[in-house]
Amino acid sequence: MIGGASAILSEVDARGVATITFDRPEKSNALDAGMRRRFSAELLRFAGDPTVRLLIVRGAGKHFSAGADVGSFGTETPEERVECLLRLEAFPKPTVALVQGACVGAALGVVACCDIVVAATDGLFSIPEVRLGLPPLGLAPLFLRALGAQAFRRYALTGERFDSAEALRLGLVHQVCAPEALAAHAAKLADELLQAAPGAIAELKRTARGLSSPGIAEEIVRLAREERQHLESREAKEGIAAFREKRSPSWVPKK
């Protein structure tokens, strides 16, 4: 188990079911640079461990994750910022996301990289970056794939929230259950996934990535570099300041 300042917990049970938990509930599990680095390191470790058969990603407390910690903006290179997503996208074993409460921005990117997503009825999803004055370019390929073009255009342009029922309708999540039933659903999924041969799963995932998302890793890195340039824009500076000061940014008309 790993904890401390990284705010990431990891464990593997006797059957080879690994779990990575975002463990910063006092900040709604917002992902800072240290958490992303630790998450990436654990993904690399579990990917190379032959005793690990599948991975569950979850958040501690009321929320899956409130997304990227605004305080960490600009502290990493674009490549560092998306490294954990690229490793999750390429993970050779089945990945399951268990979502309760908020799943926002970069956290929705995590979910979009997982093979199976189970959400609690209290799940709330959003892509709010435009409300901070930032276009979420680096994550756009993942959002487009997970939501489809029409839903992406609505929710990425408005930044509005949508619930688990809508996420299920859009295909972002596969199943919705009561919050207290998430663990039971994870256990049932693990039982099903452990019936499959590890080598067959790895080859299927590798082939499916090439068929459904050719070149997505390269596009994510390229767009993340482009997105970084927008951090210095007037809109981004105003949007981030407004977020920290808990006020509306200047472009929102006064009522």
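## Salt bridges

Arg 24, Asp 32 and Asp 69 are joined in a network of salt bridges; a salt bridge here is a side-chain nitrogen of Lys or Arg within 4 Å of a carboxyl oxygen of Asp or Glu. By this rule the count is 19 salt bridges. The model is predicted, so local features need pLDDT of at least 70 and side-chain atom pairs count only at pLDDT 80 or more, while totals for chains, interfaces and linings use all residues. Residues are numbered from 1 along each chain as its sequence is written, and side-chain values use heavy atoms, with hydrogens and water left out.

Among the pairs, Arg 154 and Glu 160 meet at 2.9 Å, N to O. Arg 154 is partly exposed at 44% relative accessibility, and Glu 160 is also partly exposed, at 23%; buried means under 20% relative accessible area, exposed over 50%, and partly exposed in between, computed with a 1.4 Å probe on protein chains only. Lys 237 forms a salt bridge with Glu 232, with the closest N and O atoms 3.8 Å apart. Glu 232 is exposed, with a relative accessible area of 57%. In the salt bridge between Glu 245 and Arg 247, the closest N and O atoms are 2.6 Å apart, and Arg 247 is partly exposed at 36%.

## A buried lysine

Lys 93 lies in the loop between helix H2 (78-89) and strand S4 (95-99); helices (H or I, at least four residues) and strands (E, at least two) are DSSP runs numbered from the N terminus. Lys 93 is buried but has no salt bridge, and the nearest side chain of opposite charge, Asp 49, is 5.8 Å away. For charge, Lys and Arg count as positive and Asp and Glu as negative, with His and the chain ends not counted.

Leaving aside residues up to four places away in sequence, Lys 93 has contacts that include Phe 46, Asp 49, Arg 53, Asp 115 and Lys 205. A contact means heavy atoms within 4.5 Å.

## Strands

Five of the five residues of S4 are buried, so this strand is largely enclosed by the rest of the structure. Thr 95, Ala 97 and Val 99 point one way from S4, and Val 96 and Leu 98 point the other way. Strand S3 (residues 54-59) runs parallel to S4 and is joined to it by three bridges; two strands pair if DSSP finds at least two bridges between them. Ile 56 has Val 96 as its bridge partner in S4.

An open sheet of three strands has the order S5-S7-S8, with mixed pairing. Strand S5 (102-104) and strand S8 (162-163) stand at the edges with a single partner strand each, so one side of each has no neighbour in the sheet. S5 pairs with strand S7 (residues 124-126) in the parallel sense over three bridges, and Ala 102 stands opposite Leu 124 in S7.

## Nonpolar cores

The largest nonpolar core has 61 residues, and Phe 39, Phe 125 and Leu 172 have the most contacts inside it. Helix H3 (residues 106-112) supplies the largest share of this core, six residues. Apart from this core lies another, of 15 residues, among them Ile 56, Val 96, Ala 120 and Ala 186. A nonpolar core is a set of buried Ala, Val, Leu, Ile, Met, Phe, Trp, Tyr and Cys residues joined through side-chain atoms within 4.5 Å.

## Confidence

The mean pLDDT of the protein chain is 95, and 98% of its residues reach 70 or more; pLDDT is the predictor's confidence in each residue, from 0 to 100. Over residues 1-5 the pLDDT is below 50.
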